[in-house]
Amino acid sequence: MVQAKTQLFGKELTHSARLFRALSHPARLRILKFLAETNTCITGDISDDLPLGRTTVNQHLAELKDAELITGHIEGVKTRYCLNTEKIVELRNVLGEFLSSLDLNKYHCK
């Protein structure tokens, strides 16, 4: 039986990689920071507040939604974007646990 290569690494690493991949572009980092800095959900086109075109912003929003780091709810003709704070906390914990698991005290390559 043929396996996807990601299946070779286990659920925990695959889940971590999915979350980390959502952070792998500066536009997505900026979108997350923008939503956090506004302290509320944003309704409408957020590309006006970013140095990117609407289509590009929408592609990055889709990536963040796929990773469940943000939510998007349609309200009339506009979409309301919010941080998924539970998932952000999970991401923080997953990243912290991953970095803590790297035993750098025993690492001797300079």
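Two strands pair if DSSP finds at least two bridges between them. Helices (H or I, at least four residues) and strands (E, at least two) are DSSP runs, numbered from the N terminus. The model is predicted: local features need pLDDT of at least 70, side-chain atom pairs count only at pLDDT 80 or more, and totals for chains, interfaces and linings use all residues. Residues are numbered from 1 along each chain as its sequence is written, and side-chain values use heavy atoms, without hydrogens and water.

The sheet comes first. Strands of a sheet pair through backbone hydrogen bonds, either parallel or antiparallel. Here, 3 strands form an open sheet with antiparallel pairing, in the order S1-S3-S2. Strand S1 (42-43) and strand S2 (70-75) are the edge strands, and each pairs on one side only. S1 and S3 run antiparallel and are joined by 2 bridges. Threonine 43 has arginine 80 in S3 as its bridge partner. Arginine 80 also stands opposite histidine 73.

S2 and strand S3 (residues 78-83) are antiparallel too, with 6 bridges between them. Isoleucine 70 has leucine 83 in S3 as its bridge partner. S2 and S3 form a hairpin, with 2 residues between the strands. Glycine 76, in the turn, has a positive phi of about 70°.

Helix H3 (residues 54-66) lies across S2 and S3 and runs at about 115° to S2. Axes are lines fitted to C-alpha atoms, for helices over the stretch in contact, and angles run from 0 to 180 degrees between N-to-C directions. Contact means heavy atoms within 4.5 Å.

H3 also packs with helix H2 (residues 26-38), at an angle of about 75° and with the axes 10 Å apart. H2 and H3 are therefore roughly perpendicular to each other (angles under 35 degrees count as roughly parallel, over 145 as roughly antiparallel, 65 to 115 as roughly perpendicular and the rest as oblique). H2 contributes Ala27, Arg28, Ile31 and Leu32 to the contact, and H3 contributes Val57, His60, Leu61, Glu63 and Leu64. By class, this contact has 6 nonpolar, 1 polar and 2 charged residues (Ala, Val, Leu, Ile, Met, Phe, Trp, Tyr, Cys and Pro count as nonpolar, Asp, Glu, Lys and Arg as charged, and the others, Gly among them, as polar).

Helix H1 (residues 10-22) packs with helix H4 (residues 85-101) at an angle of about 120°, with their axes 10 Å apart. H1 and H4 are therefore oblique to each other. Their contact involves Leu13, His15, Ser16, Leu19 and Phe20 of H1, and Lys87, Glu90, Leu91, Val94, Leu95 and Phe98 of H4. These residues divide into 7 nonpolar, 2 polar and 2 charged.
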